[in-house]
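Please look at the sequence and the structure first.

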Amino acid sequence: MSTIILDAKIRGQWMLVAVLATLVTGVGLFAQPASGAHFEGTFENPPVVGWTTYSEGTPFGPWTVTAGDVDHGPTPAGTTCQGSAGQCVDLNGSVPGAISQVFDTRVGGACQVWFWMSRHVQQATQATLVPSVDSVDLAAVTHNLPGVARNDGKWEQKTFSFVAAGPTTTLGFRSTTSGAAGPQIDNVSVGCRPPAG
Ligand SMILES: [Ca+2]
């Protein structure tokens, strides 16, 4: 009983620290670097009608296609994007593709990535992608919610974490689904806790 009370008290104090840090700094514990290349994961630029296919080596907004090809726009996978608005990416264009973005980090910073995932309406059961950090693959992520339809991509939020190894980090997403219809992503965000000390 005393352990539970102590645990609750400690957690309460940590919450107070977090609230005070937010009040003092105005940005909270999870803050982006003050300057430089901020991460941008909405896929709203450049504006596209329907969808456009980009081949390997093509930049679009802050992203670059690093393998295969991808489809980008408001309906790249035959469904609406996350929140039924805006633009997103189908990581399979005509073949499985990959994209990456370079952004500023602090060495040793603990970072959390959140992203929304769906799949092409032609993928009846599932689609899988592999995130990467500085070209090192992380655990595969699968979208397998039933009922994906043209007006409802069954978007689902996913997350993973990493520790930044350098002053910039390269975050990537690679389809491991074969064919011309694959995993779909939207509204990727990154928050990094400054390194201790
Ligand atoms: Ca979007």
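Is Asn-45 buried, partly exposed or exposed? Asn-45 is partly exposed, because 13 other C-beta atoms lie within 10 Å. The classes are defined as follows: a residue is buried if 20 or more other C-beta atoms lie within 10 Å of its own, exposed if 12 or fewer, and partly exposed in between, with C-beta atoms placed from the backbone.

The model is predicted: local features need pLDDT of at least 70, side-chain atom pairs count only at pLDDT 80 or more, and totals for chains, interfaces and linings use all residues. Residues are numbered from 1 along each chain as its sequence is written.

**Overall make-up and confidence**

The protein chain has one helix and 13 strands. Helices (H or I, at least four residues) and strands (E, at least two) are DSSP runs, numbered from the N terminus. Of the 197 residues, 35% count as buried. Among contacts between residues at least 6 apart in sequence, 74% join residues at least 24 apart; a contact means that the C-beta atoms of two residues, placed from the backbone, lie within 7 Å.

The mean pLDDT of the chain is 87, and 82% of the residues reach 70 or more. This score is the predictor's confidence in each residue, from 0 to 100. Over residues 1-29 pLDDT stays under 50, and the model has five contacts beyond four places in sequence for them. Residues 31-35 also have a pLDDT below 50, with four contacts beyond near neighbours in sequence. Where pLDDT is low, the predicted coordinates should not be read in detail.

**Backbone details in the loops**

Asn-45 lies in the loop between α1 and β1. A cis peptide bond joins Asn-45 to Pro-46, with omega about -5 degrees. Pro-46 is in the loop between α1 (2-25) and β1. Asn-45 and Pro-62 are 17 residues apart in sequence, and their C-alpha atoms are 8.4 Å apart in space.

Asp-134 is found in the loop between β8 (127-133) and β9 (136-137), and Ser-135 is found in the loop between β8 and β9. Most residues other than glycine have a negative phi, and most peptide bonds are trans.

**The six-stranded sheet**

An open sheet is formed by six strands in the order β1-β4-β5-β13-β7-β11, with antiparallel pairing. Two strands pair if DSSP finds at least two bridges between them. β1 (52-55) and β11 are at the edges with a single partner strand each, so one side of each has no neighbour in the sheet. On average, neighbouring strands of this sheet are turned by 35 degrees against each other, direction ignored. The axes are lines fitted to C-alpha atoms, for helices over the stretch in contact, and angles run from 0 to 180 degrees between N-to-C directions.

Strand β7 (residues 110-119) is largely enclosed by the rest of the structure, because seven of its ten residues are buried. β7 pairs with β11 (residues 156-163) in the antiparallel sense over eight bridges. Here Val-113 stands opposite Phe-160, and Phe-115 has Lys-158 as its bridge partner. β7 also pairs with β13 (residues 183-193), again antiparallel, over nine bridges. In that pairing Cys-192 is the bridge partner of Cys-111.

**The nonpolar core**

The largest nonpolar core has 30 residues, of which Val-89, Ile-99 and Ile-185 touch the most other members. Such a core is a set of buried Ala, Val, Leu, Ile, Met, Phe, Trp, Tyr and Cys residues joined through C-beta atoms within 7 Å. At least two residues of this core come from each of β3 (63-67), β5 (88-90), β6 (98-104), β7, β8, β12 (168-175) and β13. β7 gives the most, with five residues.

Leaving out residues up to four places away in sequence, Ile-185 touches Cys-88, Val-89, Leu-91, Phe-115, Trp-116, Met-117 and Phe-173.
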